[in-house]
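Hi everyone, thanks for coming.

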Amino acid sequence: MDISSQEIESIVRKVLSGIEQNGRVEAVSAQPAARQTVSYSSAAPAVSKDGDYGVFDKIEDAIEAANKAQKEWNTSFRVEDRKRIVDAIRRASRHHIEEWCTRIVEETGMGRYEDKVEKHLAVINKTPGPECLNTFALTGDDGLMLEEFGPFGVIGAITPTTNPTETIINNTISMISGGNSVVFNVHPRAKKVCADCLQVLNKAIQDAGGPANLITMTKEPTMENVDKMSASPYIRMMVGTGGMGMVNALLRSGKKCIGAGEGNPPVIVDETADVAHAARMIYQGASFDNNIVCFAEKEIFAVDSIYDGLLHELKKNGAFVVNRTQAEQLTRLCIKKKAKGDGYEPNKDWVGKNASEILRQIHVNAPDTCRLAILETDAEHPFVMCEQLMPVIPIVRVKDFEEAVRCAVKAERGNRHTASMFSTNVNHMTAFAKAIETTIFVKNSATKAGLGIGGEGHCTMTIAGPTGEGITNARSFCRRRRCVLAEGGLRIV
(Lines give C-alpha, C1' and ligand atoms only; values in the text may rest on other atoms or scores of the structure.)
Protein backbone atom coordinates (compact mmCIF):
# COMPACT_ATOMS: atom_id res chain seq x y z
CA MET A 1 0.00 0.00 0.00
CA ASP A 2 2.73 2.34 -1.18
CA ILE A 3 1.50 5.92 -0.93
CA SER A 4 3.80 8.66 0.25
CA SER A 5 2.93 11.75 2.24
CA GLN A 6 3.86 13.78 -0.84
CA GLU A 7 1.30 11.87 -2.97
CA ILE A 8 -1.42 12.42 -0.35
CA GLU A 9 -0.55 16.11 -0.12
CA SER A 10 -0.66 16.45 -3.92
CA ILE A 11 -4.07 14.77 -4.17
CA VAL A 12 -5.56 16.82 -1.33
CA ARG A 13 -4.18 20.04 -2.84
CA LYS A 14 -5.86 19.25 -6.17
CA VAL A 15 -9.13 18.44 -4.44
CA LEU A 16 -9.14 21.64 -2.41
CA SER A 17 -8.32 23.69 -5.51
CA GLY A 18 -11.52 22.39 -7.10
CA ILE A 19 -13.82 23.52 -4.29
CA GLU A 20 -15.29 26.97 -4.74
CA GLN A 21 -16.07 29.34 -1.90
CA ASN A 22 -19.81 28.57 -2.10
CA GLY A 23 -19.20 24.86 -1.55
CA ARG A 24 -19.77 23.77 -5.16
CA VAL A 25 -17.15 21.62 -6.81
CA GLU A 26 -15.69 22.04 -10.26
CA ALA A 27 -13.89 19.33 -12.19
CA VAL A 28 -10.19 18.89 -11.51
CA SER A 29 -8.11 17.99 -14.51
CA ALA A 30 -6.29 14.67 -14.61
CA GLN A 31 -3.94 13.08 -17.09
CA PRO A 32 -5.25 9.60 -17.97
CA ALA A 33 -2.86 6.88 -19.00
CA ALA A 34 -2.68 6.38 -22.76
CA ARG A 35 -5.11 3.65 -23.79
CA GLN A 36 -8.00 2.93 -26.11
CA THR A 37 -11.28 3.86 -24.44
CA VAL A 38 -14.83 2.74 -25.04
CA SER A 39 -17.10 4.98 -27.09
CA TYR A 40 -20.76 4.99 -26.17
CA SER A 41 -22.17 6.82 -29.17
CA SER A 42 -24.89 5.04 -31.11
CA ALA A 43 -22.48 4.69 -34.03
CA ALA A 44 -19.71 3.12 -31.93
CA PRO A 45 -18.08 0.11 -33.58
CA ALA A 46 -18.48 -3.28 -31.97
CA VAL A 47 -15.75 -4.39 -29.60
CA SER A 48 -13.72 -7.31 -30.96
CA LYS A 49 -14.10 -10.80 -29.52
CA ASP A 50 -10.78 -10.28 -27.76
CA GLY A 51 -12.18 -7.26 -25.93
CA ASP A 52 -10.88 -3.76 -25.35
CA TYR A 53 -8.76 -3.87 -22.21
CA GLY A 54 -11.38 -6.07 -20.55
CA VAL A 55 -14.54 -4.51 -22.05
CA PHE A 56 -16.61 -6.81 -24.28
CA ASP A 57 -19.85 -6.68 -26.23
CA LYS A 58 -21.03 -10.16 -25.19
CA ILE A 59 -21.07 -11.56 -21.67
CA GLU A 60 -20.08 -14.99 -22.98
CA ASP A 61 -16.84 -13.52 -24.38
CA ALA A 62 -16.17 -11.65 -21.13
CA ILE A 63 -16.58 -14.87 -19.12
CA GLU A 64 -14.44 -16.93 -21.49
CA ALA A 65 -11.64 -14.36 -21.44
CA ALA A 66 -11.70 -14.14 -17.64
CA ASN A 67 -11.60 -17.92 -17.38
CA LYS A 68 -8.52 -18.07 -19.63
CA ALA A 69 -6.85 -15.28 -17.64
CA GLN A 70 -7.57 -16.97 -14.30
CA LYS A 71 -5.93 -20.23 -15.37
CA GLU A 72 -2.81 -18.32 -16.42
CA TRP A 73 -2.90 -16.18 -13.26
CA ASN A 74 -3.14 -19.22 -10.99
CA THR A 75 -0.53 -21.38 -12.70
CA SER A 76 2.10 -18.96 -14.04
CA PHE A 77 2.30 -16.24 -11.37
CA ARG A 78 3.71 -16.34 -7.84
CA VAL A 79 2.39 -14.57 -4.75
CA GLU A 80 5.16 -12.01 -5.15
CA ASP A 81 3.86 -11.30 -8.66
CA ARG A 82 0.39 -10.72 -7.24
CA LYS A 83 1.80 -8.20 -4.75
CA ARG A 84 3.66 -6.35 -7.50
CA ILE A 85 0.62 -6.19 -9.75
CA VAL A 86 -1.68 -5.06 -6.94
CA ASP A 87 0.78 -2.26 -6.21
CA ALA A 88 0.56 -1.26 -9.89
CA ILE A 89 -3.25 -1.16 -9.60
CA ARG A 90 -2.99 1.13 -6.59
CA ARG A 91 -0.63 3.51 -8.41
CA ALA A 92 -2.79 3.65 -11.55
CA SER A 93 -5.93 4.25 -9.50
CA ARG A 94 -4.37 7.15 -7.58
CA HIS A 95 -3.49 8.79 -10.88
CA HIS A 96 -7.16 8.84 -11.92
CA ILE A 97 -8.95 9.67 -8.65
CA GLU A 98 -9.91 13.24 -9.51
CA GLU A 99 -11.05 12.31 -13.01
CA TRP A 100 -13.22 9.40 -11.87
CA CYS A 101 -14.80 11.31 -8.98
CA THR A 102 -15.81 14.14 -11.30
CA ARG A 103 -17.25 11.70 -13.83
CA ILE A 104 -19.18 9.72 -11.21
CA VAL A 105 -20.99 12.86 -10.05
CA GLU A 106 -21.73 13.81 -13.67
CA GLU A 107 -22.90 10.35 -14.77
CA THR A 108 -24.90 9.27 -11.72
CA GLY A 109 -26.05 12.70 -10.52
CA MET A 110 -25.38 11.62 -6.93
CA GLY A 111 -22.96 12.39 -4.15
CA ARG A 112 -20.19 14.85 -3.41
CA TYR A 113 -16.90 14.99 -5.31
CA GLU A 114 -14.66 15.64 -2.28
CA ASP A 115 -16.17 12.73 -0.33
CA LYS A 116 -15.73 10.40 -3.29
CA VAL A 117 -12.04 11.30 -3.29
CA GLU A 118 -11.87 10.22 0.36
CA LYS A 119 -13.62 6.92 -0.45
CA HIS A 120 -11.27 6.23 -3.35
CA LEU A 121 -8.20 6.87 -1.22
CA ALA A 122 -9.58 4.49 1.40
CA VAL A 123 -10.15 1.58 -0.99
CA ILE A 124 -6.86 2.17 -2.81
CA ASN A 125 -4.72 2.36 0.31
CA LYS A 126 -6.61 0.20 2.83
CA THR A 127 -7.87 -2.78 0.81
CA PRO A 128 -5.56 -5.66 1.82
CA GLY A 129 -3.73 -7.54 -0.91
CA PRO A 130 -2.08 -10.99 -0.86
CA GLU A 131 -0.35 -10.17 2.42
CA CYS A 132 -3.51 -11.11 4.34
CA LEU A 133 -3.48 -14.70 3.03
CA ASN A 134 -1.52 -16.16 5.94
CA THR A 135 -0.81 -19.89 6.09
CA PHE A 136 -1.94 -21.75 9.20
CA ALA A 137 0.42 -24.55 10.29
CA LEU A 138 0.06 -27.21 12.94
CA THR A 139 2.57 -29.86 13.90
CA GLY A 140 2.28 -32.78 16.30
CA ASP A 141 3.30 -36.37 16.82
CA ASP A 142 1.32 -37.36 13.75
CA GLY A 143 3.07 -34.96 11.39
CA LEU A 144 2.44 -31.60 9.74
CA MET A 145 -0.78 -29.90 8.65
CA LEU A 146 -0.96 -26.74 6.52
CA GLU A 147 -4.07 -24.75 5.67
CA GLU A 148 -3.82 -22.20 2.89
CA PHE A 149 -6.13 -19.97 0.85
CA GLY A 150 -6.77 -21.04 -2.74
CA PRO A 151 -8.81 -19.30 -5.44
CA PHE A 152 -12.41 -20.08 -6.29
CA GLY A 153 -11.69 -19.33 -9.95
CA VAL A 154 -13.81 -16.86 -11.91
CA ILE A 155 -15.99 -14.59 -9.76
CA GLY A 156 -19.09 -12.81 -11.03
CA ALA A 157 -19.38 -9.44 -9.25
CA ILE A 158 -22.30 -6.99 -9.35
CA THR A 159 -21.49 -3.40 -8.39
CA PRO A 160 -23.74 -0.50 -7.29
CA THR A 161 -24.26 3.00 -8.62
CA THR A 162 -23.49 4.46 -5.17
CA ASN A 163 -19.85 3.29 -5.12
CA PRO A 164 -19.16 2.32 -8.74
CA THR A 165 -15.41 2.63 -9.33
CA GLU A 166 -14.65 2.32 -5.61
CA THR A 167 -16.20 -1.15 -5.63
CA ILE A 168 -14.37 -2.16 -8.82
CA ILE A 169 -11.02 -1.15 -7.31
CA ASN A 170 -11.78 -2.76 -3.96
CA ASN A 171 -13.13 -6.00 -5.44
CA THR A 172 -10.31 -6.23 -7.98
CA ILE A 173 -7.58 -5.95 -5.35
CA SER A 174 -9.29 -8.42 -3.00
CA MET A 175 -10.33 -10.96 -5.62
CA ILE A 176 -7.21 -11.16 -7.78
CA SER A 177 -5.04 -11.21 -4.63
CA GLY A 178 -6.69 -14.55 -3.90
CA GLY A 179 -5.82 -15.89 -7.37
CA ASN A 180 -9.24 -15.26 -8.94
CA SER A 181 -10.36 -13.37 -12.03
CA VAL A 182 -13.52 -11.24 -12.08
CA VAL A 183 -16.41 -10.62 -14.47
CA PHE A 184 -18.18 -7.42 -13.44
CA ASN A 185 -21.77 -6.45 -14.15
CA VAL A 186 -21.79 -2.77 -13.24
CA HIS A 187 -24.77 -0.52 -12.63
CA PRO A 188 -26.08 0.91 -15.95
CA ARG A 189 -26.10 4.45 -14.54
CA ALA A 190 -22.33 4.28 -14.03
CA LYS A 191 -21.30 2.14 -16.99
CA LYS A 192 -19.08 4.73 -18.72
CA VAL A 193 -16.88 5.61 -15.76
CA CYS A 194 -16.79 1.94 -14.72
CA ALA A 195 -15.59 0.89 -18.18
CA ASP A 196 -12.87 3.53 -18.03
CA CYS A 197 -11.80 2.38 -14.55
CA LEU A 198 -11.73 -1.26 -15.62
CA GLN A 199 -9.62 -0.42 -18.69
CA VAL A 200 -7.13 1.54 -16.59
CA LEU A 201 -6.77 -1.34 -14.14
CA ASN A 202 -6.35 -3.90 -16.93
CA LYS A 203 -3.70 -1.78 -18.59
CA ALA A 204 -1.88 -1.46 -15.24
CA ILE A 205 -2.02 -5.26 -14.81
CA GLN A 206 -0.66 -5.90 -18.31
CA ASP A 207 2.02 -3.20 -18.08
CA ALA A 208 3.19 -4.88 -14.85
CA GLY A 209 3.48 -8.21 -16.68
CA GLY A 210 0.12 -9.71 -15.70
CA PRO A 211 -2.37 -11.48 -17.97
CA ALA A 212 -4.86 -9.69 -20.19
CA ASN A 213 -8.54 -9.70 -19.18
CA LEU A 214 -8.01 -10.58 -15.53
CA ILE A 215 -11.05 -8.37 -14.91
CA THR A 216 -13.79 -8.01 -17.54
CA MET A 217 -17.24 -6.50 -18.13
CA THR A 218 -19.67 -5.87 -20.94
CA LYS A 219 -20.12 -2.47 -22.50
CA GLU A 220 -23.87 -2.66 -21.81
CA PRO A 221 -24.64 -4.22 -18.40
CA THR A 222 -28.02 -5.99 -18.13
CA MET A 223 -29.95 -8.26 -15.78
CA GLU A 224 -29.79 -10.89 -18.52
CA ASN A 225 -26.02 -10.81 -18.10
CA VAL A 226 -26.44 -11.59 -14.40
CA ASP A 227 -28.59 -14.62 -15.25
CA LYS A 228 -25.95 -15.84 -17.73
CA MET A 229 -23.20 -15.32 -15.17
CA SER A 230 -25.16 -17.31 -12.60
CA ALA A 231 -25.70 -20.13 -15.11
CA SER A 232 -22.13 -20.26 -16.44
CA PRO A 233 -20.12 -23.32 -15.38
CA TYR A 234 -16.96 -21.18 -15.49
CA ILE A 235 -18.14 -18.86 -12.72
CA ARG A 236 -17.66 -20.44 -9.30
CA MET A 237 -18.77 -17.59 -7.04
CA MET A 238 -21.25 -14.71 -7.26
CA VAL A 239 -20.70 -11.51 -5.30
CA GLY A 240 -23.33 -8.78 -5.07
CA THR A 241 -22.98 -5.30 -3.58
CA GLY A 242 -26.33 -3.50 -3.44
CA GLY A 243 -29.93 -4.04 -2.31
CA MET A 244 -31.44 -7.14 -0.75
CA GLY A 245 -33.51 -7.94 -3.85
CA MET A 246 -30.30 -8.45 -5.80
CA VAL A 247 -28.67 -10.44 -2.97
CA ASN A 248 -31.67 -12.75 -2.65
CA ALA A 249 -31.63 -13.37 -6.41
CA LEU A 250 -27.96 -14.37 -6.23
CA LEU A 251 -28.61 -16.69 -3.32
CA ARG A 252 -31.04 -18.59 -5.55
CA SER A 253 -28.31 -19.17 -8.16
CA GLY A 254 -27.06 -22.31 -6.44
CA LYS A 255 -23.48 -21.01 -6.44
CA LYS A 256 -21.34 -19.89 -3.56
CA CYS A 257 -22.61 -16.35 -2.92
CA ILE A 258 -21.35 -13.37 -0.96
CA GLY A 259 -24.02 -10.73 -0.53
CA ALA A 260 -23.68 -7.15 0.69
CA GLY A 261 -27.21 -5.85 1.26
CA GLU A 262 -28.81 -2.63 2.39
CA GLY A 263 -28.49 -0.99 5.78
CA ASN A 264 -30.43 1.52 7.84
CA PRO A 265 -27.85 2.46 10.48
CA PRO A 266 -29.23 3.94 13.71
CA VAL A 267 -27.16 6.10 16.03
CA ILE A 268 -27.93 6.44 19.75
CA VAL A 269 -26.80 9.42 21.84
CA ASP A 270 -27.25 8.77 25.55
CA GLU A 271 -27.13 11.04 28.61
CA THR A 272 -23.40 10.43 29.20
CA ALA A 273 -22.24 11.44 25.71
CA ASP A 274 -19.99 14.35 24.80
CA VAL A 275 -22.79 16.14 22.96
CA ALA A 276 -20.62 18.59 21.02
CA HIS A 277 -18.42 15.75 19.74
CA ALA A 278 -21.45 13.60 18.91
CA ALA A 279 -23.01 16.40 16.85
CA ARG A 280 -19.78 17.02 14.95
CA MET A 281 -19.31 13.33 14.09
CA ILE A 282 -22.96 12.75 13.16
CA TYR A 283 -22.92 15.79 10.88
CA GLN A 284 -19.80 14.51 9.13
CA GLY A 285 -21.04 10.94 8.83
CA ALA A 286 -24.67 11.50 7.84
CA SER A 287 -23.69 14.02 5.16
CA PHE A 288 -20.78 11.95 3.81
CA ASP A 289 -21.24 11.61 0.03
CA ASN A 290 -24.80 12.87 0.55
CA ASN A 291 -25.62 9.76 2.60
CA ILE A 292 -25.72 7.37 -0.39
CA VAL A 293 -23.37 4.93 1.31
CA CYS A 294 -25.08 2.05 3.11
CA PHE A 295 -22.95 2.49 6.24
CA ALA A 296 -23.83 6.16 6.86
CA GLU A 297 -26.00 7.22 9.80
CA LYS A 298 -29.66 7.12 8.79
CA GLU A 299 -31.60 8.01 11.98
CA ILE A 300 -30.74 9.48 15.41
CA PHE A 301 -32.23 8.42 18.75
CA ALA A 302 -31.37 10.95 21.46
CA VAL A 303 -32.37 10.61 25.10
CA ASP A 304 -34.53 13.41 26.45
CA SER A 305 -31.95 14.93 28.80
CA ILE A 306 -29.47 15.80 26.01
CA TYR A 307 -31.88 16.09 23.06
CA ASP A 308 -32.12 19.89 22.93
CA GLY A 309 -28.38 20.30 23.42
CA LEU A 310 -27.63 17.86 20.59
CA LEU A 311 -30.00 19.67 18.24
CA HIS A 312 -28.32 22.97 19.12
CA GLU A 313 -24.87 21.54 18.40
CA LEU A 314 -26.00 20.02 15.09
CA LYS A 315 -27.18 23.49 14.02
CA LYS A 316 -23.81 24.95 15.05
CA ASN A 317 -22.09 22.48 12.74
CA GLY A 318 -24.20 23.63 9.79
CA ALA A 319 -27.25 21.38 9.81
CA PHE A 320 -30.60 22.94 8.90
CA VAL A 321 -33.43 21.84 11.21
CA VAL A 322 -36.79 22.08 9.43
CA ASN A 323 -40.06 22.99 11.14
CA ARG A 324 -43.12 20.74 11.28
CA THR A 325 -44.65 22.02 8.03
CA GLN A 326 -41.36 21.72 6.18
CA ALA A 327 -40.88 18.20 7.58
CA GLU A 328 -44.21 17.15 6.07
CA GLN A 329 -43.21 18.68 2.74
CA LEU A 330 -39.85 16.91 2.81
CA THR A 331 -41.54 13.60 3.53
CA ARG A 332 -43.91 13.97 0.59
CA LEU A 333 -41.00 14.97 -1.66
CA CYS A 334 -38.42 12.39 -0.63
CA ILE A 335 -40.29 9.28 0.56
CA LYS A 336 -42.98 7.22 -1.13
CA LYS A 337 -44.90 4.03 -0.43
CA LYS A 338 -43.48 0.90 -2.01
CA ALA A 339 -45.15 -0.12 -5.25
CA LYS A 340 -45.36 -3.68 -3.95
CA GLY A 341 -45.84 -4.73 -0.34
CA ASP A 342 -45.86 -2.64 2.81
CA GLY A 343 -43.44 0.06 3.85
CA TYR A 344 -41.70 3.00 2.25
CA GLU A 345 -38.78 3.67 -0.07
CA PRO A 346 -36.83 6.78 -1.10
CA ASN A 347 -37.84 8.81 -4.12
CA LYS A 348 -34.95 8.05 -6.48
CA ASP A 349 -35.16 11.54 -7.96
CA TRP A 350 -33.63 12.88 -4.74
CA VAL A 351 -31.27 10.08 -3.72
CA GLY A 352 -27.74 11.44 -3.34
CA LYS A 353 -28.65 15.07 -4.06
CA ASN A 354 -27.19 17.95 -2.03
CA ALA A 355 -29.17 18.96 1.06
CA SER A 356 -29.41 22.56 -0.16
CA GLU A 357 -30.90 21.40 -3.47
CA ILE A 358 -33.51 19.26 -1.71
CA LEU A 359 -34.43 22.07 0.69
CA ARG A 360 -34.94 24.53 -2.16
CA GLN A 361 -37.65 22.25 -3.51
CA ILE A 362 -39.73 23.07 -0.42
CA HIS A 363 -38.83 26.79 -0.74
CA VAL A 364 -36.17 26.81 1.98
CA ASN A 365 -33.27 29.09 1.04
CA ALA A 366 -30.47 26.99 2.50
CA PRO A 367 -26.89 27.96 1.60
CA ASP A 368 -24.87 25.70 -0.68
CA THR A 369 -22.58 24.99 2.27
CA CYS A 370 -25.43 23.20 4.10
CA ARG A 371 -24.61 19.48 3.94
CA LEU A 372 -27.42 18.08 6.12
CA ALA A 373 -31.11 18.65 6.82
CA ILE A 374 -32.69 17.38 10.04
CA LEU A 375 -36.33 16.77 10.85
CA GLU A 376 -37.79 15.93 14.26
CA THR A 377 -40.00 12.83 14.06
CA ASP A 378 -41.42 9.96 16.04
CA ALA A 379 -39.90 6.48 15.96
CA GLU A 380 -42.39 5.14 13.37
CA HIS A 381 -41.88 7.89 10.81
CA PRO A 382 -41.18 6.80 7.19
CA PHE A 383 -37.82 8.60 7.28
CA VAL A 384 -36.86 6.43 10.26
CA MET A 385 -38.07 3.13 8.85
CA CYS A 386 -36.57 3.25 5.34
CA GLU A 387 -33.03 3.65 4.03
CA GLN A 388 -33.40 7.16 2.61
CA LEU A 389 -29.93 7.51 0.97
CA MET A 390 -29.99 11.31 1.05
CA PRO A 391 -28.65 13.96 3.45
CA VAL A 392 -31.94 14.34 5.29
CA ILE A 393 -31.84 12.60 8.67
CA PRO A 394 -34.61 12.18 11.26
CA ILE A 395 -33.97 12.70 14.96
CA VAL A 396 -36.20 11.02 17.56
CA ARG A 397 -36.55 12.09 21.21
CA VAL A 398 -36.66 9.04 23.53
CA LYS A 399 -37.25 8.82 27.26
CA ASP A 400 -34.13 6.83 28.17
CA PHE A 401 -31.46 4.46 26.92
CA GLU A 402 -33.71 1.39 27.05
CA GLU A 403 -36.29 3.03 24.78
CA ALA A 404 -33.51 4.15 22.43
CA VAL A 405 -32.31 0.55 22.04
CA ARG A 406 -35.82 -0.77 21.36
CA CYS A 407 -36.42 1.89 18.71
CA ALA A 408 -33.00 1.48 17.09
CA VAL A 409 -33.31 -2.29 16.79
CA LYS A 410 -36.73 -1.89 15.15
CA ALA A 411 -35.48 0.79 12.74
CA GLU A 412 -32.44 -1.30 11.72
CA ARG A 413 -34.95 -3.94 10.56
CA GLY A 414 -32.69 -6.93 11.03
CA ASN A 415 -30.23 -5.91 8.31
CA ARG A 416 -27.40 -6.36 10.84
CA HIS A 417 -25.33 -3.89 8.85
CA THR A 418 -24.08 -0.87 10.83
CA ALA A 419 -24.95 0.96 14.05
CA SER A 420 -23.23 3.52 16.26
CA MET A 421 -23.45 5.04 19.70
CA PHE A 422 -22.16 8.09 21.54
CA SER A 423 -21.69 7.34 25.21
CA THR A 424 -19.13 7.07 28.02
CA ASN A 425 -21.13 4.29 29.70
CA VAL A 426 -19.45 0.97 28.85
CA ASN A 427 -22.49 -1.00 30.01
CA HIS A 428 -24.74 0.94 27.65
CA MET A 429 -22.39 0.43 24.69
CA THR A 430 -22.15 -3.29 25.45
CA ALA A 431 -25.90 -3.71 25.79
CA PHE A 432 -26.64 -1.92 22.50
CA ALA A 433 -23.96 -3.84 20.60
CA LYS A 434 -25.43 -7.14 21.78
CA ALA A 435 -28.99 -6.10 20.96
CA ILE A 436 -28.31 -4.68 17.48
CA GLU A 437 -26.01 -7.51 16.22
CA THR A 438 -24.61 -5.45 13.36
CA THR A 439 -21.55 -6.28 11.28
CA ILE A 440 -20.14 -2.82 12.07
CA PHE A 441 -20.57 -1.18 15.48
CA VAL A 442 -18.89 2.21 15.97
CA LYS A 443 -18.49 3.97 19.31
CA ASN A 444 -18.02 7.74 19.59
CA SER A 445 -17.24 8.46 15.95
CA ALA A 446 -18.85 8.72 12.54
CA THR A 447 -19.84 5.33 11.13
CA LYS A 448 -17.37 5.68 8.26
CA ALA A 449 -14.66 4.98 10.86
CA GLY A 450 -15.92 1.39 10.78
CA LEU A 451 -14.63 1.15 7.19
CA GLY A 452 -11.20 2.51 8.06
CA ILE A 453 -12.13 6.03 6.93
CA GLY A 454 -10.96 7.92 10.00
CA GLY A 455 -10.68 4.69 11.99
CA GLU A 456 -8.43 1.66 12.26
CA GLY A 457 -8.87 -1.47 10.18
CA HIS A 458 -9.02 -2.31 6.50
CA CYS A 459 -11.58 -0.96 4.03
CA THR A 460 -14.12 -2.62 1.77
CA MET A 461 -17.13 -1.57 -0.26
CA THR A 462 -18.58 -5.10 -0.04
CA ILE A 463 -19.90 -5.42 3.51
CA ALA A 464 -21.29 -8.94 3.57
CA GLY A 465 -23.82 -8.93 6.39
CA PRO A 466 -26.50 -11.20 4.87
CA THR A 467 -24.04 -14.01 4.09
CA GLY A 468 -21.80 -13.43 7.12
CA GLU A 469 -18.37 -12.66 5.68
CA GLY A 470 -18.45 -9.16 7.15
CA ILE A 471 -15.76 -6.66 6.14
CA THR A 472 -14.50 -8.61 3.13
CA ASN A 473 -10.89 -8.95 2.03
CA ALA A 474 -8.88 -11.39 -0.10
CA ARG A 475 -9.56 -14.27 2.34
CA SER A 476 -13.30 -13.85 1.81
CA PHE A 477 -12.96 -14.82 -1.85
CA CYS A 478 -10.81 -17.90 -1.30
CA ARG A 479 -11.28 -21.57 -0.48
CA ARG A 480 -9.48 -23.00 2.55
CA ARG A 481 -7.35 -25.95 1.46
CA ARG A 482 -5.60 -28.40 3.81
CA CYS A 483 -2.40 -30.33 3.11
CA VAL A 484 -1.25 -33.03 5.55
CA LEU A 485 2.04 -34.88 5.84
CA ALA A 486 1.42 -37.82 8.16
CA GLU A 487 3.59 -40.33 10.04
CA GLY A 488 5.46 -37.59 11.94
CA GLY A 489 6.99 -36.22 8.74
CA LEU A 490 8.96 -32.93 8.96
CA ARG A 491 8.53 -32.71 12.72
CA ILE A 492 11.95 -31.84 14.15
CA VAL A 493 11.22 -31.94 17.91
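So, what covers the buried residues of H16? The cover includes strand S9 (266–269), helix H15 (401–412), strand S16 (418–422) and strand S17 (440–443). Contact here means heavy atoms within 4.5 Å.

Quick housekeeping: this is a predicted model, where local features need pLDDT of at least 70, side-chain atom pairs count only at pLDDT 80 or more, and totals for chains, interfaces and linings use all residues. Residues are numbered from 1 along each chain as its sequence is written, and side-chain values use heavy atoms, with hydrogens and water left out.

Back to H16, residues 426–436. Helices (H or I, at least four residues) and strands (E, at least two) are DSSP runs, numbered from the N terminus. The buried residues of H16 are His-428, Met-429, Phe-432 and Ile-436. They sit on the same side of H16, because they cover an arc of only 95° around the axis, going by the directions from the helix axis to the C-beta atoms. On the face turned away from that buried side you'll find exposed Val-426, Asn-427 and Lys-434. Buried means under 20% relative accessible area, exposed over 50%, partly exposed in between (1.4 Å probe, protein chains only).

Now, how many aromatic pairs does the structure hold? Two. Rings of Phe, Tyr and Trp (its six-membered ring) pair if their centres lie within 6.5 Å; planes under 30 degrees apart are stacked, over 60 edge-to-face, the rest tilted. Trp-73 and Phe-77 have ring centres 5.3 Å apart and planes at 45°, so that pair is tilted. Phe-432 and Phe-441 are edge-to-face, at 5.5 Å centre to centre and 70° between the planes.
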